Amino acid sequence: ITKNTNVRLSLPAVCIVWQTAMIILFGVFIRYNEESDTHWVEYRKENNLSDIQNDFYFRYPSFQDVHVMIFVGFGFLMTFLQRYSFGAVGFNFLIAAFGLQWALLMQGWFHSLDYTDGKIKIGVENLINADFCVAGCLIAYGAVLGKVSPVQLLVLTLFGITLFAVEEYIILDLIHAKDAGGSMVIHTFGGYYGLSISWMLYRPNLDQSNRLQSSVYHSDVFAMIGTLFLWMFWPSFNSAITDHGDGQHRAAINTYLALASTVLTTVAVSSLFQKHGKLDMVHIQNSTLAGGVAVGTAAEFMLMPYGSLIVGFCCGIISTLGYIFLTPFMEKYLKIQDTCGIHNLHAMPGVIGGIVGAITAAAATESVYGAEGLRNTFDFEGEFADRSTSKQGGHQAAGLCVAICFGVGGGILVGFILRLPIWGDPADDNCFNDEPYWEATPPQDKMSPKSGTINSLNFSLHFVSLKMFCFTSIEHIIIFLNLIFFFFFVKTEFII
């Protein structure tokens, strides 16, 4: 079936109309909070504060790291497909830029609305939370990577941000569950949201694009850049909005250790299940991050360093086995075509994280935390002052159920909308390809040597290709090193 992938009118119309709507809504609702407004000088004097106590100086380094994860980490992680690098990075950029604006509004209406004047007051912590909100939609994008149009992705993001804000409010405010690193709110929701959409958009003839649903050497190198950025900055992700002091410190330590443990078990399982003990780059790119997902909920709890290592150890095994066995099973029997394997990197580890959080909370004791530490860690204040740790464990489990329900239910609803034949999605034989939506140079057909002259020409072309390949590989390394140098130079200048 031939499909019209021309989005010349629909994509500009959606972008312009929605951005205009953002400008109007921001003009009506969004204002600076007391720490980013010019009245900070008066507020500071009234509360006997100094400029260095402005939340910006505590949160901005973490915001930088999270921002890099969203735009560089997630974007490059999805460049593994040989002909879909533009779509991976470019559409990631597009939906993140739109999503963070909508997230500031949606989360603001639930969390930051000043009822005295009806305005949403934002500061640096709101920017971090908006990035978290966007992460849920980028996770969902991984399930449908290469199979949808940019207009569909914007619709997915519009509804995804809305659903995220509602489930986040229910889990964190109404149920009063703790989820510092978003194992439940971000990863479980985003994972099942994307999987449910992929199930609704099932393509029985997707095997017609099998030739493109694979990687080549340089695409895997680019994807590994995304992995390394995510792996390095995940401690900032899980600790970014925790309480200043011991909670933030502990969250970074727990994440750091879980990630390290995950790498070793991922390598072990990948080698064990591959012929001749060779490693599969898909496992190294993805499963090595699963420990950071699973430790998110309990990151600020007294999980203990050995507990973090155990979580990472288990997740490396489970995630890698998921790529080996579950992904093919889900595609064959459940009709879920999961391009990036988000079930193994986000959904399953997110559920494990929710379970670990519930057990750790229920097992918390005053002898380990201290009376004040227990109240501070679980925010046992106000209407929750009399809640016991065992009851908190039950509410943590309830929060996990809410995340799964919103992900599955919301994904089915949005998937039904995205099935409408009006979005310009690609045909089954043209998925995982940049050409329908990007100005991309088509791959050159290989020559068939029929004579000595052509054979020599073919050899010369292969030699030139080899030189070009080596050159581009060096370019990739240089680009990667420049990115790291620039980022850390900026961070060092900021800290100084």
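User: How are Arg250 and Asp246 placed in helix 9 (residues 246-273), and by about how many helical turns are they separated?

Analyst: Arg250 and Asp246 are 4 residues apart in helix 9, which means a separation of about one helical turn. Helices here are DSSP runs of H or I with at least four residues, strands are runs of E with at least two, and both are numbered from the N terminus. The model is a predicted one, in which local features need pLDDT of at least 70 and side-chain atom pairs count only at pLDDT 80 or more, while totals for chains, interfaces and linings use all residues. Residues are numbered from 1 along each chain as its sequence is written, and side-chain values use heavy atoms, with hydrogens and water left out.

User: What makes Arg250 and Asp246 a salt bridge?

Analyst: Their closest N and O atoms are 2.9 Å apart. A salt bridge requires a side-chain nitrogen of Lys or Arg within 4 Å of a carboxyl oxygen of Asp or Glu, so the pair qualifies.

User: Why is Arg250 called buried, and what is Asp246 called?

Analyst: Buried means under 20% relative accessible area, exposed over 50%, and partly exposed in between, with a 1.4 Å probe and protein chains only. Arg250 has 16% and therefore counts as buried; Asp246 has 42% and is therefore partly exposed.

User: Which parts of the chain does the salt bridge of Arg83 and Glu435 tie together?

Analyst: The closest N and O atoms of Arg83 and Glu435 are 3.5 Å apart. Arg83 is buried at 19%, whereas Glu435 is partly exposed at 36%. The whole structure holds 12 salt bridges.

User: Why is the pair of Phe164 and Phe189 called edge-to-face?

Analyst: Rings of Phe, Tyr and Trp (its six-membered ring) pair if their centres lie within 6.5 Å; planes under 30 degrees apart count as stacked, over 60 as edge-to-face and the rest as tilted. The centres of Phe164 and Phe189 are 6.0 Å apart and the planes stand at 70 degrees, so the pair is edge-to-face. Phe164 belongs to helix 6 and Phe189 to helix 7, 25 residues apart. Phe164 is buried, at 0%, and Phe189 is buried, at 0%.

User: What makes the pair of Phe329 and Tyr333 tilted?

Analyst: The ring centres of Phe329 and Tyr333 are 5.1 Å apart and the planes make 40 degrees, so the pair is tilted. Both residues lie in helix 12 (residues 305-333), about one turn apart. Phe329 is partly exposed at 41%, while Tyr333 is exposed at 52%.

User: How do you know that Lys178 is buried, and which side chain does its side chain meet in a polar contact?

Analyst: Lys178 has a relative accessible area of 12%, so it counts as buried. Its side chain makes a polar contact with the side chain of Asp379 at 2.7 Å; such a contact is a pair of N or O atoms within 3.5 Å, where within protein one must be able to donate a hydrogen and the other to accept it, and residues adjacent in sequence count only if both atoms are side-chain atoms. Lys178 is found in the loop between helix 6 (150-174) and helix 7 (183-200).
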